[in-house]
Amino acid sequence: MSAVIDTHGHGHADHGGHEHQPSGLMRWVTTTNHKDIGTMYLWFSFTMLLIGGVLALTLRLELFQPGIQIVNPEFFNQLTTMHGLIMVFGAIMPAFVGFANWQIPMMIGAPDMAFARMNNWSFWLLPVAASLLVISFFVPGGAPAAGWTIYAPLSTQMGPGMDLGIFALHIMGASSIMGSINIVTTILNMRAPGMTLMKMPMFVWTWLITAYLLIAVMPVLAGAITMVLADRHFGTSFFNAAGGGDPVMFQHIFWFFGHPEVYIMILPAFGIISQVIPAFARKPLFGYASMVYATSSIAILSFIVWAHHMFTVGMPTAGLLFFMYATMLIAVPTGVKVFNWLATMWKGSMTFETPMLFAVGFIFVFTMGGFTGLMLAIMPVDVQLQDTYYVVAHFHYVLVAGSLYAIFAGAYFWIPKWTGRMYDETLGKWHFWLSLVFFNITFFPMHFLGLAGMPRRIPDYASQFTEFNQIATVGAFGFGLSQLLFLYIVLKVSVFAQGEKAPAKPWEGADSLEWTHLPSPAPYHSFHEAPEVK
Amino acid sequence: MSALAAASASNRRMLKKLLVVALGMFGFGFALVPLYNKVCEVAGLRELWQPGQADAAASNTQVDLTRTLTVEFDSNIRMLPWTFKPMASSVEIHPGELTQMVYEVRNTLDVPVTGQAVPSYGPRLAGQYFRKLECFCFTQQTLAAGEVRQMPVVFVIDPKLPNDVNTITLSYTFFRVEGANVKAGKG
């Protein structure tokens, strides 16, 4: 197994390792380098973001007017489902794994990930899974259309597209579990001497906790969809009421995975924001220890709140109250984190480069999503708002303005280290402001639509909802097109190698190992010799 | 290299531990099925699942065994070339008991004919206590040339039937549905 760590023989101090690189495509297929794999994860997730975005824009086009215009209702359901699955499992999660691959070894002073070949495998499973998802559009009956939550009994009755979807989820789950095992092992076993757990950068801490969450809940999802598969093909009745099963059981098992999954998609975002804000406020992170404890509390609480996604299934009052209060409790550690970020900025010497803009935008807009989440946690309110556009607005505020903004913040923050060139600051600022404005044009009206009772996942609507839907559609196209600007900015510094050369530490307040110990761009093999951490 | 080998061995141990956790959680996903059911049963979250109550819910408490009724069956034809008769002229039943009676009808012509049966009750007030769950009188019946058909009526007598009624006569009269035979092909 030592060969796994000893990638390309660079464990020997006498050579650099570049000479063993296959060139061209095979370099990327066979690579075990954490930086290559991180890059592939990030490009994969950006591709998925564009595919999922095109699906979303098709939805918004259909919703521009009441009535059925461009897609039939069955295809509309496939689009909502696939938009959700692709964004969650194809865009957001792989993007954070990409960050983990690039950053964790550099931030803890390790030469590479613990299991470099498994790392390669984790990545290359993803295009396979994504292909299955795309192929499912072309089988009889079309792609999965039961919503990204693939609730039984819809999912136990659909055509072969659902089987492809289930296999894709199995494969992505396996990829996530392997990636998480890799990350946990790397963080626990391969830190540089002197790098105690409580000296680790917050991004590493949040990923350690996220990876544990993934190892705990991804197998539960795998179990749930395996049961769906068995109900579909092997005559079992886990969720089939006619055979003594219970469709609501699927919701319980799914959300036992699903709620921790929500935090899997936001905790690494918290980590990125906790790196960016101190760097641009030129102050150390306020309340480091409380950040660690808050992150852990959120992770632990995430296991006991799942039924707040299903307040309307007919639970006894005691259950409703328990899940309502447990959910509201999560606002406490989350509030601690927001407070700490604000306190970090307080009286700091702040400058507002693009990463900081996205980070401050994250705090502002994510907190709005957090508050709508609190409203939805109140059970009597949720009964009214269940499955309305209010819920859609809420989770896009936390997933787009939360996770995606953090991904942008992190990308702009580390692009100088990854490519060795400074991105175009003017265009970056344009990207931020266009994203912020169009995001709010898209999703803010959805609050009103939801409060007025417009149901989600329906291609048609009553005519009084028309104006807000048209505003949202215009905003969605603006937001989607703005992301092409991001593509241009990244291509410019990476593929076309334009832009001024980045110094080793372009951000004055940044203090983790990749800035202080490595040049820009980071060499292909970093930290052969572990750095000494004081 | 020995430090590297030690690190590799400890990484491998960690891999095994985490794999066991992942496999355990996969099993836990399946264990959630009996777990949730048990929790619901113990906490009484789903009343129908309480032991004893399921039987109670299933048993029919509405049959009034203290009373016995005679239901007589009658059949008439109005302007139809059919023969029409019940398989029995009367039955003895309890109020609340689910009962089925079969009528037989024969088309004596060599062309399809459509008819509609209309029920009437004696005494007339019994009609509102006569609950039909299934009846050939719910729809028009089209018989092909020379066809013989057995048609059921499934009914329950409401136990609230007044005590002074001991015999109910159910009488059906089949009427010809004029003009229906031109589209009888699809009937």
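Which residues form a positive surface patch? In this predicted model, in which local features need pLDDT of at least 70 and side-chain atom pairs count only at pLDDT 80 or more, totals for chains, interfaces and linings use all residues. Residues are numbered from 1 along each chain as its sequence is written, chains are lettered from A in the order in which they are written, and side-chain values use heavy atoms, with hydrogens and water left out.

The positive patch consists of Arg12(B), Arg13(B), Lys16(B) and Lys17(B), where a patch is made of residues with over 30% relative accessible area and no salt bridge, like charges being joined within 9 Å. Lys16(B) is located in helix α1 of chain B, which spans residues 2-43, helices being DSSP runs (H or I) of at least four residues and strands (E) of at least two. With a relative accessible area of 56%, Lys16(B) is exposed (buried means under 20%, exposed over 50% and partly exposed in between, with a 1.4 Å probe and protein chains only).

Chain B is divided into domain 1 (2-46) and domain 2 (63-176), the bounds being taken from an automatic or database domain assignment. The C-alpha centres of domain 1 of chain B and domain 2 of chain B are 64 Å apart.

Over all chains, the count comes to nine salt bridges, each defined as a side-chain nitrogen of Lys or Arg within 4 Å of a carboxyl oxygen of Asp or Glu. In one of them, Arg282(A) pairs with Glu508(A), and the closest N and O atoms are 2.7 Å apart. This pair links distant parts of the chain, 226 residues apart, with Arg282(A) in the loop between α10 (267-281) and α11 (288-301) of chain A and Glu508(A) in the loop between α18 (466-493) and α19 (513-516) of chain A. Arg282(A) is partly exposed at 27% relative accessibility, whereas Glu508(A) is exposed, with a relative accessible area of 58%.

In chain B, a salt bridge joins Glu104(B) to Lys85(B), with the closest N and O atoms 3.4 Å apart. Glu104(B) lies in strand β4 (residues 99-107) and Lys85(B) in strand β2 (residues 82-86) of chain B, so the pair ties together parts that are 19 residues apart in sequence. Lys85(B) counts as partly exposed, at 47% relative accessibility. A further salt bridge is formed by Glu147(B) and Arg149(B), whose closest N and O atoms are 3.2 Å apart; Glu147(B) is partly exposed, with a relative accessible area of 23%, and Arg149(B) is likewise partly exposed, with a relative accessible area of 23%.

Methods:
Patches are made of residues with over 30% relative accessible area and no salt bridge: like charges are joined within 9 Å, nonpolar side chains (Val, Leu, Ile, Met, Phe, Trp, Tyr) within 5 Å. Accessible areas come from the Shrake-Rupley method with a 1.4 Å probe; for residues, only the protein chains shown count as cover. Lys and Arg count as positive and Asp and Glu as negative; His and the chain ends are not counted. The place of a charge is taken as NZ of Lys, CZ of Arg, CG of Asp or CD of Glu.
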